[in-house]
Amino acid sequence: MSDETANGDLQPSVEEAPAAEAPSTEAPDASAQPQWGAAPPAPGTGWGAPPPPGPSCPPPGPSYPPPGMGYPPPGYGYGPPPPPPGFPPIPPGVDPAFKDKKLAAGLCGILVGSLGVHKFILGYKSEGLTMLLVSVLTLGFGAIIMSPIGLIEGILYLTKSDYDFVMTYGVHRKGWF
């Protein structure tokens, strides 16, 4: 806002600021805040002191977790689990590198399962030839049936443990699913 003087000059007007509130004359509650110069609280009653025992606070006991129930020893839970007790070892007639075919057979089963490539990788010649001939001789219409079979078998190969894979497909020679 501005005021106009008699000669036409504009001068800014000064607005008065609202009056500040007067400080309260009431004394603050003396029990709410500690007074300067007052004696310090008794030991064990201030902040950081343990609560007194009562129905809501049991008395202090042994530390948690109890001995023997803490963290597992270092290295526990890392890496492949050991074979379950009671399982027989892999028979000596099985190729020790058979478990290395698991990844290749699983991926081929998922990607080109209708052609039976995953069966040839595992050494199943008659099952692989069956899948290949059904897919090719039906001009691809048989692949509609063989593709889900290959997909399921590929997923089964990849989700089995190495021991189960070798026992199922290397020892027992399970041809389908």
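## Aromatic pairs and helix packing in a predicted model

A search of the whole structure finds four aromatic pairs. Rings of Phe, Tyr and Trp (its six-membered ring) pair if their centres lie within 6.5 Å; planes under 30 degrees apart count as stacked, over 60 as edge-to-face and the rest as tilted. The structure is a predicted model, in which local features need pLDDT of at least 70 and side-chain atom pairs count only at pLDDT 80 or more, while totals for chains, interfaces and linings use all residues. Residues are numbered from 1 along each chain as its sequence is written, and side-chain values use heavy atoms, with hydrogens and water left out.

Two of the ring pairs are set out below.

| Ring pair | Centre to centre | Angle between planes | Class |
|---|---|---|---|
| Phe-98 and Phe-165 | 5.6 Å | 25 degrees | stacked |
| Tyr-157 and Phe-165 | 5.8 Å | 75 degrees | edge-to-face |

Phe-98 lies in the loop between strand E2 (10-12) and helix H1 (101-112), and Phe-165 in helix H5 (residues 162-171), so their pair ties together parts that are 67 residues apart in sequence. Helices (H or I, at least four residues) and strands (E, at least two) are DSSP runs, numbered from the N terminus. Phe-98 has 5% relative accessibility and counts as buried; Phe-165 is buried as well, at 0%. Buried means under 20% relative accessible area, exposed over 50%, and partly exposed in between (1.4 Å probe, protein chains only). Tyr-157 is also buried. Ring pairs link Phe-98, Tyr-157, Phe-165 and Tyr-169 into a cluster.

The protein chain has five helices and two strands, and along the sequence these follow the pattern β-β-α-α-α-α-α. Of the 177 residues in the protein chain, 19% are buried. Contact means heavy atoms within 4.5 Å. Among contacts between residues at least 6 apart in sequence, 53% join residues at least 24 apart.

Two packed helices are described by the angle between their axes and the distance between the axes. The axes of helix H3 (residues 125-137) and helix H4 (residues 143-159) come within 9 Å and cross at roughly 145 degrees. Axes are lines fitted to C-alpha atoms, for helices over the stretch in contact, and angles run from 0 to 180 degrees between N-to-C directions. On the H3 side, Met-131, Val-134 and Ser-135 take part; they meet Ala-143, Met-146, Ile-149, Gly-150 and Glu-153 in H4. The residues of this contact divide into five nonpolar, two polar and one charged. Here Ala, Val, Leu, Ile, Met, Phe, Trp, Tyr, Cys and Pro count as nonpolar, Asp, Glu, Lys and Arg as charged, and the others, Gly among them, as polar.

His-118 is buried, with a relative accessible area of 0%.

Gly-116 has its place in the loop between H1 and H2 and counts as buried at 0% relative accessibility. With residues up to four places away in sequence left out, Gly-116 touches Gly-128 and Met-131. The C-alpha atoms of Gly-116 and Gly-150 are separated by 7.1 Å, although these residues are 34 residues apart along the chain.
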